Each structure stands twice: as structure tokens, then as C-alpha cells.
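Here is a short report for a reader who is new to this structure. Please look over the sequence and the model first, then read on.

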Amino acid sequence: MTQFLEVVLRGLGSGSIYALLALGFVIIYKSTGVISFAQPAMMLTGATITSYVGPALGVMLFTGFSFFVSVAVAALLTAVLALVIERGAIRPMVGRPAFVVAIITIGIDIVVRVVTSGFIGLGARNIPNPWGLERVELAGLRVQERHLVSLATLALVVAVLFWFYRYTRHGLAMRAAAFDQEAALTQGVSVGSVFALSWAMAGALAAVAGSLLAISAGVDRQIWIVALVALPAIILGGLDSLEGAVVGGLAVGVVEALVGTYQRDYAPWLGDNFAVVSPYVLMLLVLLAKPYGIFGTPEVRRV
Amino acid sequence: MLSARNLEVVYDDVVLALRGVSIDVPEDGIVALLGSNGAGKTTLLRALTGLLDIHQGEVAKGRVTLDDQPIHRMSPERVVRHGVRQVLEGRRVFVELNVEENLKVGAHTARSRMADNLERVYALFPVLGDRRAATAGYLSGGEQQMLAIGRAMMSEPRYLLLDEPTLGLAPKMVENIRDVVLEINKGGTAVLLVEQNATMALSIAHHGYVMETGRVVLDKPAAALLNDDDVREFYLGLHPGEDGRKSFRDTKHYRRKKRWSA
Ligand SMILES: Nc1ncnc2c1ncn2[C@@H]1O[C@H](COP(=O)(O)OP(=O)(O)OP(=O)(O)O)[C@@H](O)[C@H]1O
Ligand SMILES: [Mg+2]
């Protein structure tokens with residue numbers, strides 16, 4: 001039982017990272033009707049920026065604090081990069097079919113990753129932090145600190161997003177534009193700023209996710225692949241649902257951890273790497289029961 | 001003064017929806033805009049508020065001016081900031097937001113005066129005040145129409161353009177909307193009222209226009225339109241000399257037909 005709970009906790013930790021990435025996908029999808037496949041590049045770039053900013057701060061400050069400062073700086077810079085991309089490459093495409101825009105984001109993803117990889121080099125770049133692979137004991141469970149850091153970060157992000165969408169001028173405008181663009185325009189909402197803001201927010205979230213991911217093993221050229229695990233998470237949560245992104249991300253993390261731990265003992269015939277495909281299996285199972293995902297709305301809207 | 005001059009509007013580069021329309025909405029007036037389905041009333045409103053773009057439409061000739069400044073190339077949000085607001089046909093409230101959130105979105109360009117304006121709108125529509133935390137999608141059709149109008153009033157517009165606000169509403173509610181339009185106008189907002197319910201519109205308007213296939217075919221003071229034989233026949237369902245009871249049934253019938261075709 002203890003082991004089981006420890007595995008679940010570990011799954012929630014990595015699930016938090018998926019959830020942050022999934023939130024980015026959903027935020028862009030809700031406002032623009034497009035899935036941005038540039039999110040992996042945003043994540044890679046954000047983590048890389050953190051790996052440069054962290055050491056610059058690290059010596060002077062208590063390291064946990066300097067980690068968060070460097071992540072905040074990276075989130076901000078990645079948001080700016082996302083803004084530039086949206087303005088330069090996506091905005092001119094407004095009105096084109098969603099799949100055309102989605103393919104453009106794939107191109108952007110590749111370009112940005114190639115450029116960023118040049119700043120990473122062949123090995124892994126370390127991100128200074130006090131946790132690494134350290135464990136703590138929590139109510140009798142031994143768990144790596146980094147998983148708790150990820151979970152706490154996700155909780156903070158969810159709280160901020162809740163406040164943002166419920167109470168702020170731009171948050172309300174984004175919700176309005178997601179329901180009915182023309183009606184939002186007649187309220188004086190600039191749909192262009194809504195698009196830009198959603199790209200910036202998604203970029204910042206991807207940067208945070210990438211940095212959390214890099215706590216243990218640093219940043220290498222391959223970590224962007226993790227962002228793809230957020231895809232089954234958003235599908236099973238419901239493409240247009242923020243709650244769905246969080247629940248989907250956490251569920252994928254937990255299932256992956258459970259399968260990774262127990263499948264070898266209980267179902268060895270599934271092969272060695274079944275944990276890797278388990279998010280997709282979970283997605284298929286959920287879609288069989290709920291075709292629009294757990295929280296998704298049936299009528300899918302487009303730009 | 002909000003004006004259109006010789007306005008030609010083309011959709012998709014081929015469909016000519018307006019063929020040289022001119023209208024004037026004076027600073028403090030109520031202007032009625034009548035016309036059958038497809039006459040181009042909604043298109044005219046779109047041209048006035050910058051919404052043609054998202055419908056693949058554009059002003060091909062002529063212009064729209066606000067106090068003699070051209071505004072037909074402005075984005076919708078700038079038009080709103082200049083004090084011209086449109087309430088779309090079919091209410092279009094944000095169904096998943098609650099009543100107050102809808103109003104707050106309406107205040108997007110006027111956040112500093114939001115508290116005062118909320119008070120004002122709740123005074124104008126007490127039923128919205130009672131239901132401020134209710135999800136907008138659960139309001140009745142009439143309440144949603146009030147919410148749509150209230151939402152537009154959240155930025156204290158100088159010109160309010162209403163696209164068929166009484167469509168599909170019960171007579172009691174139609175009366176209600178009529179009173180509200182009068183009250184809004186008394187508060188200093190000019191109103192351009194697009195209506196199928198010509199009786200109601202002409203009973204409160206100062207001036208009226210009738211459109212047909214992209215043209216203005218009648219342009220008269222409202223009282224004169226009420227007495228115009230063509231208007232009586234086509235828009236009030238009256239044949240010259242007939243009494244009012246029959247006409248009422250006919251307009252209702254006409255309205256219902258309109259609802260099906262929409
Ligand atoms: N987005 C569009 N693309 C192409 N043609 C359009 C578009 N919108 C309207 N039209 C055409 O323009 C003409 C005028 O339409 P419009 O909606 O302005 O009429 P209306 O007077 O508002 O009619 P209704 O009473 O039915 O609302 C119609 O022939 C219509 O088919
Ligand atoms: Mg219309």
C-alpha cells in the first residue's frame with residue numbers, strides 16, 4: 001500500500017508537468033481554435049533560458065528562491081517569444097483553415113527547436129536547484145522533493161488562472177471571445193489581443209513545465225518530446241476545458257507511473273515499454289466512453 | 001451625428017448587399033430601420049460598427065462618418081471606444097458566463113466607471129439585478145435580450161444600434177423593450193432600431209427608413225411612414241382603410257414566419 005501511494009504521488013508530480021503543458025495547449029485552442037504544435041519548442045526554449053539565468057543568479061541567493069526567480073524570468077522571455085511568433089507568423093493566417101495554421105505551428109516548432117538546440121549543446125545543461133533527486137518523508141511516504149515542487153507549482157498556477165479568468169478584465173474578455181468572437185468584438189474586445197495573450201500565457205506555462213522537468217536531469221535537446229505526452233492529456237480531458245487539462249495531465253502522470261511500476265509484474269506480456277504508450281491507451285479508453293473527453297463540450301467551435 | 005453616405009457593401013468580393021445607402025442618426029434621436037428579410041439591415045449595422053471584416057465583407061464605395069470623421073475603416077473595438085455600439089441580432093449573450101460577468105465584459109472599454117454603470121444597468125433592468133449570479137444561458141429569451149442591451153450600455157455609448165431586439169418575444173416583453181429604448185434615449189443615447197415590428201418601431205422613432213434589396217426606398221419622419229400606404233400594406237399588414245385588430249394578427253403571423261426562416 002505504501003509503495004502504491006508513493007507511486008501515485010510520483011505520478012502526480014510528473015502529471016503536474018503534463019498538466020502545465022496541457023493548459024498551454026488548451027488556452028491557445030480555446031481562443032484561436034488551433035492546436036499549437038509549437039508548444040514543445042516553447043518548453044525547450046523556456047528550460048534553456050532558465051539554465052542560463054539560474055547560474056547567473058544562483059551564487060547570490062538561496063537556491064530554491066533563485067530557481068523560482070530564474071523560472072519567472074524564463075517564463076517572461078518565452079512569453080515574449082510566443083508573442084513575436086503569434087504576431088509575425090500566426091496572425092496573418094487568421095481565417096485560414098485550422099489545420100493549415102496547425103501545420104504552420106509545426107514548422108515554427110522545428111525552427112525554434114533547431115535554434116534553441118544550438119544554445120544547449122550536445123550534453124545536458126544543469127538548472128541550479130536545491131532538490132535534484134533528494135527525497136523527503138511525508139506522512140510515512142518517501143517521495144522526491146521535485147515532485148512536490150511540481151505539484152505545488154501546478155496548484156499555484158491553477159489558483160492564478162482561476163483568479164485571472166474570473167475577475168480580471170482580460171480574463172473575462174478571453175472567456176467571452178472563446179464563446180462568441182463576434183459578440184466579443186461588439187463589446188470592444190480586441191480579438192487580436194486575445195490571441196496574443198493566449199500565446200503568451202501558453203509560452204510562459206511551457207517554460208515553467210520545461211524548467212520543472214529539468215530539475216533532476218537538466219536540459220538536453222530531447223526533452224521537448226515530453227510535451228507530446230500532453231496531447232493525450234488534453235484529448236482525454238476535453239480539448240476546450242482547462243479543468244480537463246489539469247485532470248487529464250495528472251491522470252496521465254499517475255497511469256504512466258503505475259504502469260511503469262506494476263506492469264512488469266502483473267502483465268509482462270505487454271512488453272518492456274508499455275508505460276510509454278499507456279497515456280494513449282488511457283486516452284482511447286476514455287474516448288470510447290466520452291467522445292468529447294471528460295470535460296469537453298460537444299459542439300466544437302472554430303475561428 | 002452618425003451617418004452613412006452612398007454606402008456600397010460587397011461580401012466575398014461578389015455579393016452586392018448594399019447599393020448606395022445613405023442614412024443619418026442624429027445625436028439624440030431614435031431612428032427606425034425597416035425592411036424585409038435580406039434587405040440589408042444587418043449589413044448596414046455591420047458597416048457602421050466595423051464588423052464587415054469578419055464576414056468577408058467590405059465597404060466598396062461610400063463612407064460612414066461619426067461627427068464627420070470617417071470610421072468605416074476602424075476596427076470594431078475602436079468603434080466601440082468612439083461610443084458606437086451594436087446589439088447583435090439573436091441576443092448573443094455569453095451563455096456560460098453569469099449575468100454580472102456578461103455586464104463586466106460589456107464594460108471592457110470603460111472599466112473605471114464600471115461600478116456606476118452596473119448600478120445604472122441594474123436600475124434600468126431590475127430583473128438582471130435580481131439574477132446577477134445566474135448563468136446567462138438559463139435566462140428567458142426576454143431576459144437575455146435585456147442582458148444584451150444592458151451589456152451594451154456598460155460603456156455609456158452615444159449611439160446604440162439594436163438589431164431586431166423584439167424578435168421572438170411575447171407582446172408583454174416587446175412593450176418592455178420599447179419602454180427601455182425610450183428610457184435609454186432619454187438618457188442621451190441615440191438609437192438606431194432595426195425592427196420587423198414596424199408598429200412598435202415607428203411608434204417611438206422620430207425618423208424612419210425602409211430598405212429593400214440593398215437600397216433605401218423610403219426615408220421619412222416616423223409619423224409620415226405610419227401613414228404611408230406602402231408601409232401600411234407591407235410592414236404593418238394593413239390594407240388601407242382596414243381596422244387595427246386584423247392587422248395585429250397579420251404582423252404577428254409575419255413575425256412568426258420570420259422566425260422560422262431565420
Ligand atoms: N456573410 C455574408 N456573406 C455573403 N452574403 C451575405 C452575408 N451576410 C449577408 N449576406 C447577404 O446580404 C444580403 C443582406 O443580408 P442582411 O443580413 O444584411 O439582411 P437583413 O435585412 O438583416 O435580413 P434579416 O431581416 O433576415 O436579418 C442578403 O442577400 C444576404 O444573403
Ligand atoms: Mg438581419
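## Terms and ground rules

Residues are called buried under 20% relative accessible area, exposed over 50%, and partly exposed in between (1.4 Å probe, protein chains only). This is a predicted model, where local features need pLDDT of at least 70 and side-chain atom pairs count only at pLDDT 80 or more, while totals for chains, interfaces and linings use all residues. Residues are numbered from 1 along each chain as its sequence is written, chains are lettered from A and ligands numbered from 1 in the order in which they are written, and side-chain values use heavy atoms, with hydrogens and water left out.

## A salt bridge across chain B

Glu27(B) is partly exposed, with a relative accessible area of 41%. Its partner is Arg158(B): the two form a salt bridge, and the closest N and O atoms are 3.2 Å apart. A salt bridge here is a side-chain nitrogen of Lys or Arg within 4 Å of a carboxyl oxygen of Asp or Glu. Glu27(B) sits in the loop between strand S2 (15-25) and strand S3 (30-35) of chain B, and Arg158(B) in the loop between helix H6 (141-153) and strand S7 (159-163) of chain B, so the pair ties together parts that are 131 residues apart in sequence. Arg158(B) is partly exposed too, at 28% relative accessible area.

Helices and strands are DSSP runs, numbered from the N terminus: helices are H or I with at least four residues, strands are E with at least two.

## The magnesium site

Which residues hold the magnesium ion (ligand 2)? The protein donors are Thr42(B), through OG1, and Glu89(B), through OE, lying 1.8 to 2.6 Å from the ion. Thr42(B) belongs to helix H1 (residues 41-49) of chain B and Glu89(B) to the loop between strand S6 (84-87) and helix H3 (99-106) of chain B, so this pair ties together parts that are 47 residues apart in sequence. Glu89(B) is partly exposed, with a relative accessible area of 26%.

Donors are N, O and S atoms within 2.8 Å of the metal (3.2 Å for Na, K and Ca). Water is not among the atoms, so sites may look incomplete.

Helix H8 (residues 191-217) of chain A has 27 residues. From first C-alpha to last it reaches 40 Å, close to the 39 Å expected at 1.5 Å a residue. That expected span is 1.5 Å times one less than the number of residues. H8(A) is mostly covered, with 22 of its 27 residues buried. Just after H8(A), Gly218(A) takes a positive phi of about 80°.

Helix H5 (residues 145-167) of chain A has 23 residues and reaches 33 Å, close to the 33 Å expected. Its buried residues include His147(A), Val149(A), Leu154(A), Phe164(A) and Tyr165(A).

## Where the chains meet

The contact (heavy atoms within 4.5 Å) takes 21 residues from chain A and 23 residues from chain B. About 2100 Å² is buried between the chains, and carbon and sulfur atoms give 58% of it. Buried area is the accessible area (1.4 Å probe) that two parts lose on being put together, summed over both. Arg169(A), Glu182(A) and Gln187(A) supply 33% of the area that chain A buries against chain B, more than any other three residues.

The rule finds 3 salt bridges across this interface. In one of them, Arg92(B) pairs with Asp180(A), the closest N and O atoms being 2.6 Å apart. H6(A) gives the most to the side of chain A that touches chain B, with 7 residues. Asp180(A), Glu182(A) and Arg92(B) are linked in a network of salt bridges.

## Salt bridges within chain A

How many salt bridges are there over all chains? The count comes to 16. Among them is Glu86(A) with Arg91(A), the closest N and O atoms being 2.9 Å apart. Glu86(A) is buried, at 1% relative accessibility.

Asp109(A) and Arg113(A) form another, at 3.0 Å between the closest N and O atoms. Both lie in helix H4 (residues 98-120) of chain A, 4 residues apart, about one turn of the helix. Asp109(A) is buried at 5% relative accessibility, and Arg113(A) is buried at 17%.

## Two spots in chain B

Gly38(B) lies in the loop between S3 and H1 of chain B. Gly38(B) is exposed, at 73% relative accessibility. Leu218(B), in strand S10 (residues 215-221) of chain B, is buried, with a relative accessible area of 16%. Leaving aside neighbours within four places in sequence, Leu218(B) is in contact with residues including Tyr209(B), Val210(B) and Leu225(B).
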